[in-house]
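Here is a short report on strands and how they pair. Look over the sequence and the model before reading on.

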Amino acid sequence: FSKVVSCGNECDLNAVDFLEYFGEDPETGIIIGYLEGVKDGGRFYRLARQISREKPIILWKAGATEGGARAAASHTGALAGSSQVWQAVFAQTGIIAAHSAEELLDYLQAFYYLPSPSGRRVAIVSGPGGPAVGAADACIEAGLELASLSQRTKGRIAWVIPPVGTSVDNPVDLGMGSAFMPEWYAEAIAALVEDEGVDMLLIIGGSFNPGFGQIIVQAAKGTTKPVALATPLAGGGPWAENFSPTAGVALYAEGRRAAAALGKLVYYRHF
């Protein structure tokens, strides 16, 4: 972090003042925040729309429900405002909306570690088939599209994986044997990053090989396409000790969270 501010009841400086400051601060590249309300909606709107063109703003806006608004009023005296108005403000200013601390940090990780995607077409690679289906649903709900893979890409992947219990269509199903053969992931990623019909990758699974995370990182190295890895490794355990998010690869505990984060990258790119 470059700066962290808690402005409380805002008897003097307020969140909009800090937004303006962070927008001009050369040490700040991404702005995140928790907000209950603003005292000058017009100024906030103008600043957010201007700053969003240079720096992503990820905001957890609380007090969206009637009960939440009452809680905000009793907490800091903030006027939370209509949820419909806030949704319109977000859409018109390019602010990335989060609904929890978990989402706030999930989206921050994507914007901090991943490049901007050139489009919304995602390729899913998985060992277990079930999570891949769930991730496909999550990608569509997040505003993404399932990429159509080229015959060359399918052929490269088919050359590596078994012909039974697998699939080279999108989602790519490497089969349960991939838990013991992490190099299958590497070969699939190498093929997909070269496919012009793929804008980003969502990798699901893990391996009994303790070097699984580094294998994924090496396979994705050098690509300009965002790569999100959804794996139990993100939740701790014996294989997670030496693996963390890195440039080009964001790390999530499950596919739905990874899909939502990739969707926010596309949302911001579109803005």
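Two strands count as paired if DSSP finds at least two bridges between them. Helices (H or I, at least four residues) and strands (E, at least two) are DSSP runs, numbered from the N terminus. This is a predicted model, where local features need pLDDT of at least 70, side-chain atom pairs count only at pLDDT 80 or more, and totals for chains, interfaces and linings use all residues. Residues are numbered from 1 along each chain as its sequence is written, and side-chain values use heavy atoms, with hydrogens and water left out.

Start with strand E1 (residues 31–35). Five bridges join E1 to strand E2 (residues 57–61), and the two run parallel. Leu-35 has Lys-61 of E2 as its bridge partner. With helix H2 (residues 41–51), E1 and E2 form a right-handed β-α-β unit. Right-handed means that, with the strands pointing away from the viewer, the path from the first strand over the helix to the second runs clockwise.

In a regular strand, side chains alternate between the two faces of the sheet.

Strand E8 (residues 227–230) is covered on both faces. Val-227 and Leu-229 are buried on one side, Ala-228 and Ala-230 on the other.

| Pair | Bridges |
|---|---|
| E7 (residues 200–204) and E8 | four bridges |
| E8 and E9 (residues 249–252) | four bridges |

Leu-202 has Ala-228 in E8 as its bridge partner. From E7, the chain crosses through helix H9 (residues 212–220) to E8, in a right-handed β-α-β crossover. In E9, Leu-251 is the bridge partner of Leu-229.

How values were computed: Buried < 20%, exposed > 50% of the residue type's maximum accessible area, 1.4 Å probe, protein only.
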